Amino acid sequence: MATIKEIAELAKVSPATVSRVLNQDETLNVTAEVRNQILKIAHELNYIPPKMRHAQNKTHVTIGVADWHLVRGDRHDIRLASLDHIAAAMPQKADVSFLRIACREDADVDGILAFGSFSEEEINFLRKQSDAILFVNSDQKDYEFDRIIMDYEQGLKDMVHYLLDVKEYRSIGYIGGIYEKDGVRIGTHRLMGLTEILAQRGCYKEHYFCVGEISRESGYRLTRELLETDDVPEVLVLGNDEVAEGALEAVKELKYRIPKDVAVVIYRDIETLQTKYPTYTSLRMLPDIVWSTAIKLLLERIIDKRVDSMKVYLPTKLELGDSA
């Protein structure tokens with residue numbers, strides 16, 4: 001059986017840090033990447049927390065994750081690797097596992113965690129899989145299902161306030177992408193949200209906003225094209241982890257220094273890559289509290305048979321680092 005000490009050695013942190021991460025200590029001052037790395041290693045080593053080692057008699061619950069409105073179908077959701085241990089660290093009555101489900105493909109699940117807005121056809125499909133569904137940032141107006149609403153707009157406002165008012169940068173650019181297939185559009189809300197906030201403050205410049213595909217290649221190309229002009233913004237907001245990887249390759253190739261020559265903020269939602277830049281300033285749209293709250297609400301529906309629906313509002317999280 002894996003131990004905390006073994007996990008600490010592989011993660012290159014102290015056993016105390018591992019223990020606090022696995023017990024979801026939100027007061028611990030470590031980056032999200034360090035936290036995710038510890039959870040990933042624990043998952044790979046099949047680490048079982050002490051309070052779960054006698055859980056053979058507990059109910060096993062499988063939660064499906066419907067993320068196709070946030071993550072392209074041809075990409076991995078690397079967040080799933082950490083969810084087993086977020087669930088295991090919670091006081092609960094079940095042994096929980098997670099399964100990524102695809103649209104229109106039946107899955108054997110007890111409940112569903114669904115991200116984004118869904119069509120009536122998609123909701124009917126989800127309803128066929130389970131009647132315990134929790135939507136994150138859905139535009140539904142009824143009270144049939146539980147919902148978590150993320151204050152994405154306030155998160156963007158907090159980021160802009162930090163960059164313009166606290167750090168006193170004078171210009172902000174954006175490198176991002178839009179993916180569209182079968183009626184699903186990914187990337188538009190973050191683009192339009194930032195555009196509107198900057199426009200309200202009189203700081204929006206169209207030529208600083210470069211949008212292509214959601215891919216490393218597009219991020220690289222768009223960033224290089226922008227940085228090779230005579231008018232470069234002081235800050236670049238990078239629209240997701242894949243775009244960021246390509247964009248930062250271009251920044252490095254052109255010998256721009258971060259943050260001296262150009263500052264960087266990475267917009268993170270559900271990630272598809274293990275980041276190479278764990279210390280960079282980021283706007284985390286789905287912090288750990290979203291997942292732990294979602295699991296808690298779903299288990300109340302599945303195990304406790306709670307009938308009344310709930311709507312919970314949660315904040316995004318601006319994580320300050322060394323890039324802006």
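Reader: What makes helix 7 stand out in the lining of the largest pocket?

Author: Helix 7 gives the most to that lining, with 7 residues, where a helix is a DSSP run of H or I of at least four residues, numbered from the N terminus. This is a predicted model, in which local features need pLDDT of at least 70 and side-chain atom pairs count only at pLDDT 80 or more, while totals for chains, interfaces and linings use all residues. Residues are numbered from 1 along each chain as its sequence is written, and side-chain values use heavy atoms, with hydrogens and water left out.

Reader: What makes a residue part of the lining, and which lie nearest the centre of the largest pocket?

Author: A pocket is an open set of points on a 1 Å grid over the protein atoms alone, with protein on both sides within 12 Å along at least five of seven lines, and lining residues have an atom within 4 Å of a point. The largest pocket has 26 such residues, and Asn137, Tyr152, His189, Arg190 and Tyr267 lie nearest its centre.

Reader: Why is threonine 195 called buried?

Author: Threonine 195, which is placed in helix 7, has 14% relative accessibility and therefore counts as buried, the term meaning under 20% relative accessible area with a 1.4 Å probe and protein chains only.

Reader: Which residues is threonine 195 in contact with, leaving aside its neighbours within four places in sequence?

Author: With those neighbours set aside, threonine 195 is in contact with Tyr204 and Phe209, contact meaning heavy atoms within 4.5 Å.

Methods:
1 Å grid on protein atoms, 1.4 Å probe; cavity = no way out; pocket = protein on both sides within 12 Å on 5 of 7 lines; lining within 4 Å. Helix = DSSP H or I, 4+ residues; strand = E, 2+ residues; numbered from the N terminus. Buried < 20%, exposed > 50% of the residue type's maximum accessible area, 1.4 Å probe, protein only.
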